[in-house]
Amino acid sequence: MKVYNFSAGPSTLNDAVKLQAQKDFVDYEGCGMSVTEMSHRSKVFDKIHNEAIALLRELMHIGDEYEVLFVQGGASTQFDAIPLNLMTTGKADYIVTGNFANKAAQAGARYGTANVVASSKADKYTYIPDMTKVVTNDDADYVHMTYNNTIFGTKFTTLPKHKAPLIADLSSNILSEEIDVNQFDMIYAGAQKNIGPAGLTIIIIKKELIGKALEICPIMLNYKTQADANSLYNTPPCFAIYMAMLTFRWLKDMGGVKAIQKINEDKAKMLYDYIDNSGFYKNNVAVNDRSLMNVPFVTASAELDAKFVKEAELAGLVSLKGHKLVGGMRASIYNAMPVEGVQALISFMKKFAEENK
Ligand SMILES: *Cc1c(COP(=O)(O)O)cnc(C)c1O
């Protein structure tokens with residue numbers, strides 16, 4: 001059955017990418033085995049690994065002063081790895097704009113002082129604090145922010161003023177819009193939202209920040225370990241890297257990040273415009289802080305929300321249930337969600353509103 005999958009992660013992949021993976025699975029390029037079976041030290045895998053890194057560098061215009069690392073453990077492992085590698089004087093700043101940002105700050109507090117310099121927690125994370133008013137500490141080891149808040153459907157439009165290195169979690173918006181990598185000292189993202197299967201985590205980090213890890217930092221979490229080994233210190237998530245390579249190729253063929261950004265903006269506008277004018281659904285996020293990728297919305301009651309989710313599922317529009325911290329619905333419309341999927345969602349929303357008003 002053909003469905004449109006609005007899951008927040010793991011999430012929908014492009015059809016052409018999946019078909020290519022299916023074609024390659026039993027016999028990758030005539031080598032008689034799949035990518036899941038071959039040595040990560042083989043020439044064939046090395047080519048996949050290096051093409052994936054090169055394509056990511058090209059798509060995001062990543063300069064030579066940055067290292068690109070492929071690691072495991074999800075974005076959540078980075079909540080600990082970041083302080084273990086970079087909290088050299090024992091204090092860091094955190095901007096808390098959602099559940100993941102909060103978890104990052106809690107992890108940071110285990111290794112030193114995690115100063116929360118701005119937070120929207122008291123207002124259920126429905127907005128991003130005004131970054132022009134946020135004062136970060138010049139002597140902090142780093143400033144941490146979550147660029148797109150997957151659960152609450154917000155994203156930053158302005159970056160905080162900072163002297164300390166700026167680190168951003170881009171798990172749910174990497175490659176969705178043009179971002180100037182040079183504004184950051186480190187970017188990290190789990191792959192399972194905008195790139196490919198779970199298991200791969202991407203780190204883009206200034207080379208000058210590598211090699212400062214605390215004595216207690218586990219060898220596997222030390223960025224230097226991975227940088228020195230081109231991310232092949234141990235067995236990497238080979239299949240996830242191969243799938244990421246296919247997604248990067250697809251994105252490049254589409255015209256790159258600039259082209260997908262235009263499509264993402266059109267999709268999000270279509271959905272927000274419909275919600276705002278529907279008189280039936282509501283998005284509770286500050287308009288200027290709305291995410292391009294994750295769109296939470298509610299009807300007038302929790303009962304009606306539950307009915308919506310159930311009936312949408314029967315109509316082939318799946319995984320629309322909101323996160324338990326927010327309730328209601330959430331449509332995640334990542335790069336691989338076609339315009340047709342958003343159109344189908346809006347048509348269903350119109351019909352449901354008509355039947356239940
Ligand atoms: C999903 C997500 C995470 C957690 O990712 P894992 O790979 O499951 O650890 C962290 N931050 C953001 C912004 C996310 O969207």
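**Figure 1. The end of helix H2 and the residue after it.** His61, which follows H2, has a positive phi near 50°. The model shown here and in the other views is predicted. Helix H2 itself covers residues 43–60, 18 residues in total. From its first C-alpha to its last it reaches 26 Å, close to the 26 Å expected at 1.5 Å a residue.

Figure 2. Phe45, Ile48, His49, Ala52, Ile53, Leu55, Leu56, Leu59 and Met60 are the buried residues of H2. Viewed down the helix axis, these buried residues fall within an arc of 165°, so they line one face of H2. In general, an α-helix has 3.6 residues a turn, so residues three or four places apart point the same way. The exposed residues Lys43 and Lys47 are carried on the face of H2 turned away from its buried side. The partners against which the buried residues of H2 pack are strand S2 (66–71), strand S10 (201–206), helix H6 (238–254) and helix H7 (256–278).

**Figure 3. The packing of helix H2 on helix H6.** The axes of H2 and H6 are 9 Å apart, and the two helices pack at an angle of about 45°. This angle makes H2 oblique to H6. The crossing of H2 past H6 is left-handed. On the H2 side, the residues in contact include Phe45, Ile48, His49, Glu51 and Ala52. On the H6 side, they include Cys238, Ile241, Tyr242, Met245 and Phe248.

**Figure 4. The packing of helix H1 on helix H6.** Helix H1 (residues 15–25) and H6 have axes that come within 10 Å and cross at roughly 135°. H1 is therefore oblique to H6. H1 passes H6 in a right-handed crossing, whereas H2 passes H6 in a left-handed one. Val17, Gln20, Ala21, Asp24 and Phe25 are the H1 residues that meet H6, where their partners are Phe239, Tyr242, Met243, Leu246, Thr247 and Trp250.

Figure 5. Gly9 and Pro10 are joined by a cis peptide bond, with omega about -10°. Pro10 belongs to the loop between strand S1 (4–5) and H1.

**Figure 6. Lys124 and Tyr125 in the loop between strands S4 and S5.** Lys124 is found in the loop between strand S4 (113–119) and strand S5 (143–146), and Tyr125 also lies between S4 and S5. Neither residue is a glycine, yet phi is positive in Lys124, near 55°, and in Tyr125, about 55°. Lys124 counts as exposed, at 66% relative accessibility, whereas Tyr125 counts as buried, at 7%.

Note on methods
Residues numbered from 1 in each chain as written. Predicted model: local features only at pLDDT ≥ 70, side-chain atom pairs only at ≥ 80, totals over all residues. Heavy atoms only, no water. Helix = DSSP H or I, 4+ residues; strand = E, 2+ residues; numbered from the N terminus. Expected span 1.5 Å × (residues − 1). Buried < 20%, exposed > 50% of the residue type's maximum accessible area, 1.4 Å probe, protein only. Arc of directions from axis to C-beta. Contact = heavy atoms within 4.5 Å. Axes fitted to C-alpha atoms, helices over the stretch in contact; angles between N-to-C directions. Parallel < 35°, antiparallel > 145°, perpendicular 65-115°, else oblique. Left-handed = near helix turned anticlockwise from the far one by under 90°.
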